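Subject: Structure for your files

Hello,

Here is the structure we talked about handing over. My notes on it follow below.

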Amino acid sequence: MRDNLCKYLAEEYPTAFTQWLLNNASENVSVLKTELNLEPICADGVTLVQTQHCILHLEFQVEPEATLPLRILDYWLRLYRTYRCESVSLPLMSVTLLCQLPKGTVRFSNIAAVVFDKDGTLADSASYLHQLALERARQVAAIAPDLEAPLLRSFGSSAHQIQPQGLQAVGSRHENLIAAAAHLAGYGYGWIAAREIAEQAFAEADRRFSPKAPFTPPLPGVIDLLQRLKTAGLTLAVLSGDRTEEVQAFLATYQLTHFFRSAMGSDRLPAKPDPTPLKKICAELAIPPAQTVVIGDADADGLMAQRARAAGCIGVTWGWPQPPSLQYCTCTVSEPTQIQILPADQQGT
């Protein structure tokens, strides 16, 4: 009875209620319908993914709109009212990347994420890797003197230079260690002893060049590229053959962490070119491989992108004095400025 009376008074004297509760003397007051008509929400592209504990709301926008925050809030309320569970909303930009090449332009459309390699792509590591290969070979040769030259050849190195497609340059630490242990086994050591000697030699070489990050600064033009991609709304990540702790140390040392949503090394995952690392990082970003471009300096990056069915791989040669010849990348660029973002007003052209 009291509810009905209060409802009657509010609808009969709405101006008095607004003056009382809002201290507002406006006379332009009207009573709206109690039942709200929920119109469909319009957006460029929306996907709702239900998990055990929440609903993931993915929204793809070519260009940000002023109404985007309100629309996401509207979705959250409707989803919560319908499913009574948490909704995680991620508005994702979708842009077109262009690679300006001497023979033409390569276009990657509908891209939401870019996954970078670290050494030779973000970090200037050629000199460091060369010196590390020399030291690893010297440490093993202290036990087996005849192995220094064969080891350097296996690492893809010599006394004067390192090959950008050699084992030391593109392989993981574990892969290099196994190669050293194989040489020791061929020298006459049992496999367990060979593994132990190689591990001790690598640990001593690592110690002499530790911490690594100060030896491997960002390559010229890389920070500007990161800034341009981030400003365009792309989600960025790092997927490296290095150890995760070294990846994180590099980003922290040069204040690059804020550019990346995720950073992974090969110590927690199978090594490139296995597609598992890329699939895992895409799942963490909640962005499919088909909307992800890989940028790296090795064929392992290109093969990984192909096997994961990514949008493509941009091979880069800017990190090496002797540019590598990349066979499995979609295209190859020599300068960060060759990677461009198509302006929003031209995205559909």
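Ala 286 is buried, with a relative accessible area of 17%, where buried means under 20% relative accessible area, exposed over 50% and partly exposed in between (1.4 Å probe, protein chains only). The residue is found in the loop between H11 and strand S9 (292–296), and its phi is near 60°, a positive value in a residue other than glycine. Helices (H or I, at least four residues) and strands (E, at least two) are DSSP runs, numbered from the N terminus.

This is a predicted model, in which local features need pLDDT of at least 70 and side-chain atom pairs count only at pLDDT 80 or more, while totals for chains, interfaces and linings use all residues. Residues are numbered from 1 along each chain as its sequence is written, and side-chain values use heavy atoms, with hydrogens and water left out.

Arg 309 also has a phi near 60°, positive in a residue other than glycine. Arg 309 lies in the loop between helix H12 (299–307) and strand S10 (312–316) and is exposed, at a relative accessible area of 70%.

One joins Ser 210 and Pro 211, with omega about 0°; Pro 211 lies in the loop between H8 and helix H9 (222–231). Another joins Lys 272 and Pro 273, with omega about 10°; Pro 273 lies in the loop between strand S8 (262–264) and helix H11 (276–285).

On the helices: H8 (residues 191–208) has 18 residues. Its buried residues include Ala 194, Ile 197, Ala 201 and Phe 202. The buried residues of H8 pack against helix H4 (126–141), helix H5 (148–155) and helix H7 (173–187); contact means heavy atoms within 4.5 Å.

The axes of H5 and H7 come within 10 Å and cross at roughly 150°. Axes are lines fitted to C-alpha atoms, for helices over the stretch in contact, and angles run from 0 to 180 degrees between N-to-C directions. Pro 150, Leu 151, Ser 154 and Phe 155 of H5 make the contact with Asn 176, Ala 180 and His 183 of H7.

Arg 153 is found in helix H5 and counts as exposed, at 60% relative accessibility. Arg 153 and Ala 133 are 20 residues apart in sequence and 10.0 Å apart in space, C-alpha to C-alpha.

For the whole protein chain, there are 12 helices and 12 strands, and 46% of the 349 residues count as buried.

Regards

How values were computed: Expected span 1.5 Å × (residues − 1).
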